[in-house]
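Colleague: I am new to this structure and would like to go through it with you step by step. Could you take my questions in turn and show how each answer is reached?

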Amino acid sequence: MDLSLFVPELILLGAIAYLLCLTLSSRQIAGSALNIFLPGLGMILMVSTFFTLGHSGVLFSDTYRIDMISQGFKLVLALSFLLVAVLSCHRISIPRDREVEYGIFLSTSLLGMMMMTSAVDILTLYVSMELSSYSLYLLSALRRDQRAPEAGVKYLLFGAAASGVFLWGMSLLVGLSGTTSLAGIAAQAPALVAQPAFSLGLAFALFAFLFKLSAFPLHFWAPDVYESAATPVTSFIATASKAAAVAIFIRIFMATGLSAGLIWVLGILAFLSMTLGNAVALVQQDVKRLLAYSSIAQAGYLLLGLLSGTLEGYSSSFFYAFAYVLMNTAAFLVVIVVAESSRHDNPQISHFNGLAERSPFLALLLLLGLLSLAGIPPLAGFTGKWILFSAAMDQGHWFLVLWAVLNSVVSLFYYLTLVKHVYLKKPETAQPILLSTGTKIAAFLLLVSLVLLGVFPNAFITFTQQAILSGAF
Amino acid sequence: MTDLHLFWVIQLAPLLAFLLIQVLPKTINKVAPAIGMAFSLTAALASLNLSFAHSQGAGLPVEFSRQWLVVADYAVWPNIPVPHYTLSVGFLLDPLNLLMITLVTTISFFVQLFSFYYMNEDPSRPRYFGFLSFFSFSMTGLVLSNNLLQTFLFWELVGLTSYLLIGFWFEKKSAATAARKAFVINRLADLGFYLGIILLFLLFGTLGFATLKADALRNVLGHGTLTLIGLLIFCGVMGKSAQFPFHVWLPDAMEGPTPVSALIHSATMVAAGVFLLARAFDLFSASHTTLLVILSIGAITALMSATLAAIQRDIKRILAYSTVSQLGLMVMAIGAGSAESGMFHLSTHAYFKSLLFLTSGAFIHRFHTNDIWEIADRGGKKDAVALGCLAFGLLSLSGVPPFAGFFSKDLILEVLKHHGGIFFYGVAVLVSFLTAYYSFRLFFVIALSKIGHEVRAHHESLTLKISRALPLFSLAALSLITGFTGHAFHLNMELLITTVILVVAGGALAYSQFKDPAAAEAALRGNQGFIFKILERKFFMDDAYDFLVKKVGLALGRWLNAFDRAVINSLMVNQTSFSVMRLGRVVSRLQNGLLQDYLAWAVGIGILIVFCFL
């Protein structure tokens, strides 16, 4: 067993231990220490994950696998954590005396997600999934607001139901194949896939993943939680959690394969997710709710790649997950800053009026982020959607692709509504928005990477394809 | 420095100049001309360095290419087995664009130098020099690129800068209109170009110039398809190089500042079309039908605009029509199958025509009029520098040996005689005759008129004098010597005699009519003949476009407008969007905040779907 492969997680564990000790110190000191500690931690995690990128191996009696899929997704997760950590200095609705807990739960949830990407045993998978979920339940309740605990409880109960169904489904799979290891299930899958019980078990297990991805019909928690959680937390749920969900989708599907019935189910869910997400987003006024519905729609697009079940399908989902982290963080960055400047952690569309005059740079970032979400060239979102849709098209899902493209048009409407407020309306205050250095750097990097990933996607596409190839059972 | 470094210098120096000029604060933007000149000089020196290093064609062609996008065969095209479409970006250097890049960068530099004199009093000088630098950037990009798509991108950028510079004095209505006309006509033509590129890419799978070989194309594609692609791409050439029937924008483009006309609308950008013909020559020569069409279009253009040049009064318009006609000659040469002779004439023409335009700029700047009779009246012939350079340029244009124009035009006549058939040879001879006629006419009117209301030269500082005279003299010298650089040249006695006879005849006719310019002008005013009328209305081409746009276009537009409002807008678009909105409102009621409802929906729908499909 080569523990050097486990270094990123070990570092994270150490950091969590340190944060636990920090709860004992004075709250004032701890709160300000957090502003440096979390971004630093994110940076170190990225570097250490980067160095394990080319390695592979199995740990802990073959329940934990290090390969390019896991390390690639861990890098994306660490990036997302880093960005949220940088943005955390703009938190306004986390209670002062709970700031250290905020740091702890953010880190534990990241740990859970990182382990999810490596888990190749159903028990490991379940434990790490619950670790990340429970941290997120607590995080979403962590806000000075009456409604936050309510949303937290909803999230918890919804998650509990999903994980109950997951266990039920997995018990069917384990019963049929006689092993909890994904590799073992993969070996027997060709023989079992024709059995209805196998497909049924898989479909139930999918419940938990759909819940993580906030796809229809397990999307109900998303708008309420997005709205009620503190904005940096929302941003973390909206980016890292989605990327981790894509990772386990890929893992499970690569192990079990997809039966024709399952493809139908996923197709219908993708169809409904896209339609519902985009249609309801049209009538939202609260920007975080709007982004919640947009993420439901985006989950539909991602399902399109996953249900293709080919190398291209998986690798383009990987690509899109990365692009999605970038563009969604770009959008949330602006939301967080606007929330801070208006001292209201639930910014309405009207709070964005005239942002272009108050901060042209932020306005540009929001514009590019939203256009990328809508899939306008030459941004990362366009390239991602393009390869995603081509992969689905290759498998003959032309109706879904057509519907997805039409949906992108609908989504443009609400994205551009926000852009209209940013660029064409008069601001209520002329006061310019000032950014901290860290945020400025993060914003600039997001801006550049959105364009670069859109124009020169080849290197990353090649990486994702190699990753998927390396992850075969 | 390696070739690649030099490429980057040539490519990026003008862009850097443009960016620098853009970010300069208003207080010190007087240095904009200096920046423009310094960077264009750098680019010119770099390209001269490059052309000396490869003067004998050693080590060419050099290609630097990077894969940009590999498109797997998702793009479905029935029955065409192309496994992978590859788009690359990069530089290609061969003798052809070595010639072109040297020409572009040197003329760019001279024009920037002259602009310092010409635009000395203009308040928006920084904008002017910024655009000029940006043009150089786009033009070098066009010339250096190694594939059609990249060429097309820069092709559009030069179109944009051309638009911006024609309309540089946008407060003048005629300038704004001319800019719009140029832009719209070019877009129309480029549509064909773009369709051609798409078609070629879909059917052939690559757009790199190095891979576009006639045999390879013929192996993959049929004659009809090749002709179609060739003609579509030729559409773009017709727009940019102002070939019939897209030539109408170029004379109007003379509304821009005169140095711009010299650089963009005579020497470089309008020659880009001819350059593209030579660059992708195999693409056109793969089908003999395409070549025949190219030859015919060139012939129509050359003859038509040569006759038009013969009756203009505006010095820039004379030169503009002459440019169109010379471009027609180049296109004819290429249509007859000789890309070398076309390119040779392109390069000599670039030098002497930019010389002529700068000379006309010198006249216009001093006498504040474009009309040749008025220039003469205000003392044109007293301006010895300008008159001398005008003579140099016109002698070259009309093809008097040993000026550069003689050599290149001679080569074209020879090519047409041997490969073009007697008809096209005849057209070319007629065009040469007309060229000599209008050149001498222009010269005689300015040189032989009596001076009426003389305008004395302002006192100019030494810097201004230098920036006026240096480009003129340099270009005059170049238009004398470039003729000897054509390596494939050999003297053909028969053609030499033909040319000399043509020049003498044209000159004599011009002399007989214009030996007394004042009387000739009176005669012109009285002339109401049929042919004269046709020429004055430019063969009714503008009227035809007017009719097409105003009558046919508008009627169609009104009808489509009604259809659009009634059917597409209200019935289809609005109804769709309203129903999507309605759907959103209805479905958002699902989100009522009650957890039990959420779970009921989730589980209910989940079970329904699972049992229906598994």
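This is a predicted model: local features need pLDDT of at least 70, side-chain atom pairs count only at pLDDT 80 or more; totals for chains, interfaces and linings use all residues.

Colleague: Which elements of chain B are included in what covers the buried residues of α8(B)?

Modeller: The buried residues of α8(B) include B:Leu226, B:Ile229, B:Ile233, B:Phe234 and B:Val237, and B:Lys240 is also among them. After the helix comes B:Ala242, which has a positive phi near 55°. The cover over the buried residues of α8(B) includes, from chain B, α5 (148-166), α6 (173-204), α7 (214-220), α11 (271-279), α12 (281-285) and α13 (288-309).

Colleague: Is B:Leu153 buried, partly exposed or exposed?

Modeller: B:Leu153 lies in helix α5 of chain B, and its C-alpha atom is 7.9 Å from that of B:Leu142, a residue 11 positions away along the chain. A residue needs 20 or more C-beta neighbours within 10 Å to be buried, and one with 12 or fewer is exposed. B:Leu153 has 14 C-beta neighbours inside 10 Å, so B:Leu153 counts as partly exposed.

Colleague: Is B:Ser40 buried or exposed?

Modeller: B:Ser40 belongs to helix α2 of chain B, and beyond the residues up to four places away in sequence it touches B:Pro14, B:Thr105, B:Ser108, B:Phe109, B:Gln112, B:Ser133 and B:Ser136. B:Thr106 lies 66 residues from B:Ser40 in sequence, yet the two are 8.0 Å apart in space, C-alpha to C-alpha. Because B:Ser40 has 27 C-beta neighbours inside 10 Å, the residue counts as buried.

Colleague: How are α2(B) and α3(B) oriented to each other, roughly parallel or roughly antiparallel?

Modeller: Helix α2 (residues 32-53) and helix α3 (residues 95-118) of chain B pack with their axes 8 Å apart, at an angle of about 155°. Their crossing is left-handed, and the residues in contact include B:Ser40 and B:Leu41 of α2(B) as well as B:Thr105 and B:Phe109 of α3(B). By class, this contact holds 12 nonpolar, nine polar and no charged residues. Angles over 145 degrees count as roughly antiparallel, and α2(B) and α3(B) are therefore roughly antiparallel.

Colleague: How are α2(A) and α4(A) oriented to each other, roughly parallel or roughly antiparallel?

Modeller: In chain A, the axes of helix α2 (residues 27-51) and helix α4 (residues 99-118) come within 8 Å and cross at roughly 30°. The contact joins A:Ala30, A:Gly31, A:Leu34 and A:Leu38 of α2(A) to A:Glu99, A:Val100 and A:Gly103 of α4(A), and its residues divide into four nonpolar, two polar and one charged. Angles under 35 degrees count as roughly parallel, so α2(A) and α4(A) are roughly parallel.

Colleague: Is the crossing of α9(A) and α12(A) left-handed or right-handed?

Modeller: The axes of helix α9 (residues 221-228) and helix α12 (residues 287-308) of chain A come within 8 Å, with a crossing angle of roughly 145°. Here A:Ala222, A:Pro223, A:Tyr226 and A:Glu227 of α9(A) meet residues of α12(A) that include A:Lys288, A:Arg289 and A:Tyr293. The contact has seven nonpolar, one polar and three charged residues, and the crossing of α9(A) and α12(A) is right-handed.

Colleague: What percentage of the 473 residues of chain A count as buried?

Modeller: The secondary structure of chain A comes to 19 helices and two strands, while that of chain B comes to 24 helices and two strands. In chain B, buried residues make up 49% of the 614 residues. For the 473 residues of chain A, the buried share is 61%.

Colleague: Which element gives the largest share of the side of chain B that touches chain A?

Modeller: The contact between the chains takes 23 residues from chain B and 28 residues from chain A. On the side of chain B, the elements that give two or more residues are β1 (62-72), α23 (541-588) and α24 (595-613). By class, that side has 17 nonpolar, five polar and one charged residues. Its largest share, 10 residues, comes from α24(B).

Methods. Residues are numbered from 1 along each chain as its sequence is written. Chains are lettered from A and ligands numbered from 1 in the order in which they are written. Two residues are in contact if their C-beta atoms, placed from the backbone, lie within 7 Å. Helices (H or I, at least four residues) and strands (E, at least two) are DSSP runs, numbered from the N terminus. Ala, Val, Leu, Ile, Met, Phe, Trp, Tyr, Cys and Pro count as nonpolar, Asp, Glu, Lys and Arg as charged, and the others, Gly among them, as polar. Axes are lines fitted to C-alpha atoms, for helices over the stretch in contact, and angles run from 0 to 180 degrees between N-to-C directions. Angles under 35 degrees count as roughly parallel, over 145 as roughly antiparallel, 65 to 115 as roughly perpendicular and the rest as oblique. A crossing is left-handed if the near helix is turned anticlockwise from the far one by less than a right angle, and right-handed if clockwise.
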